Amino acid sequence: FLDFVRELQDALGYSKTNLIGHSLGGWIAGTFAYESPHRVNKLVLDDSAGMNPKPPDAVANFRPPTEESIRAQVESIIADPVLKEAQIQAQWRNANVPGAEKAFRQINKHLNDPEMRSRYFLGRRLPYIQVPTLVVWGEHGNQMFPASVGRDIASRIPGAKLVIVPG
């Protein structure tokens with residue numbers, strides 16, 4: 001994934017970009033900012049993964065999403081009915097892209113590898129991130145990444161700003 005970010009920057013002709021990462025994307029963005037600080041202008045980590053030595057249950061026991069499971073998850077976090085339905089439809093459409101399940105299984109296999117999780121543990125890299133960083137977290141977090149994880153991440157990055165979103 002890190003190579004992909006570098007290759008995308010190169011293909012687009014950007015030597016330096018702002019990175020925003022959510023969940024696995026936050027893990028990738030944080031690691032990228034550590035490994036390639038000269039290629040990152042600013043960093044935003046939102047409900048970022050990479051801090052737990054063992055995979056969360058949803059990763060360890062991956063099951064392809066059903067429309068009902070997507071609906072239940074989205075309904076638990078989005079109140080606006082129009083936005084809620086749009087998000088459900090978008091996630092269901094993405095889950096049904098040809099090859100999506102195979103890709104998710106390959107990613108999960110990698111994320112369940114203890115050696116990989118140890119090698120790329122984000123926590124030990126955070127103190128070395130030197131780019132301006134914003135850490136954004138929901139007040140109540142979620143099952144995989146409670147707000148305490150966001151506070152921990154922000155406290156480890158020099159000069160990071162933490163924003164906890166209410167509700």
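Which residues is G21 in contact with, leaving aside its neighbours within four places in sequence? They are G26, A29, V44, L45 and D46, where contact means heavy atoms within 4.5 Å. The structure is a predicted model, in which local features need pLDDT of at least 70, side-chain atom pairs count only at pLDDT 80 or more, and totals for chains, interfaces and linings use all residues. Residues are numbered from 1 along each chain as its sequence is written, and side-chain values use heavy atoms, with hydrogens and water left out.

G21 is found in strand β1. Strands (E, at least two residues) and helices (H or I, at least four residues) are DSSP runs, numbered from the N terminus. With a relative accessibility of 2%, G21 counts as buried; buried means under 20% relative accessible area, exposed over 50%, and partly exposed in between, with a 1.4 Å probe and protein chains only. The C-alpha atoms of G21 and G150 are 13 Å apart in space, and the two residues are 129 apart in sequence.

Strand β1 covers residues 17-23 and includes S23. S23 has a positive phi of about 60°, although it is not a glycine. A positive phi is also found at D47, which is not a glycine either; the value there is about 45°. D47 lies in strand β2, residues 40-48, and its relative accessibility of 10% means that it counts as buried.

The next subject is the nonpolar core. A nonpolar core is a set of buried Ala, Val, Leu, Ile, Met, Phe, Trp, Tyr and Cys residues joined through side-chain atoms within 4.5 Å. The largest one here has 28 residues, and those touching the most other members are L19, L43, L126, I129, W137 and I153. At least two residues of this core come from each of α1 (2-12), α2 (24-35), β2, β3 (133-138) and α8 (147-156). Helix α2 supplies the largest share, five residues. In soluble globular proteins, nonpolar side chains tend to be buried together.

How do the axes of α1 and α2 cross, and within what distance do they come? They come within 9 Å and cross at roughly 70°. Such axes are lines fitted to C-alpha atoms, for helices over the stretch in contact, and the angles run from 0 to 180 degrees between N-to-C directions. The two helices α1 and α2 are therefore roughly perpendicular to each other. Angles of 65 to 115 degrees count as roughly perpendicular, under 35 as roughly parallel, over 145 as roughly antiparallel, and the rest as oblique. On the α1 side the contact is made by L2, V5, R6 and Q9, and on the α2 side by I28, T31, F32 and E35. These residues divide into four nonpolar, two polar and two charged. Here Ala, Val, Leu, Ile, Met, Phe, Trp, Tyr, Cys and Pro count as nonpolar, Asp, Glu, Lys and Arg as charged, and the others, Gly among them, as polar.

R6, in helix α1, also takes part in a polar contact of 3.0 Å between its side chain and that of S36. A polar contact is a pair of N or O atoms within 3.5 Å; within protein, one must be able to donate a hydrogen and the other to accept it, and residues adjacent in sequence count only if both atoms are side-chain atoms. Apart from neighbours within four places in sequence, R6 is in contact with F32, E35, S36 and R39.

Further residues show other surroundings. G123 is found in the loop between α7 (114-119) and β3 and is buried, with a relative accessible area of 2%. Not counting residues up to four places away in sequence, G123 touches G50, M51 and R156. G123 and I157 are 34 residues apart in sequence and 9.5 Å apart, C-alpha to C-alpha.

A58, in helix α3 (residues 57-60), counts as partly exposed at 48% relative accessibility. Leaving aside neighbours within four places in sequence, A58 is in contact with N108 and M144.

G167 lies in the segment after β4 (161-165) and counts as exposed at 68% relative accessibility. Its contacts, leaving aside neighbours within four places in sequence, are with E139 and H140.
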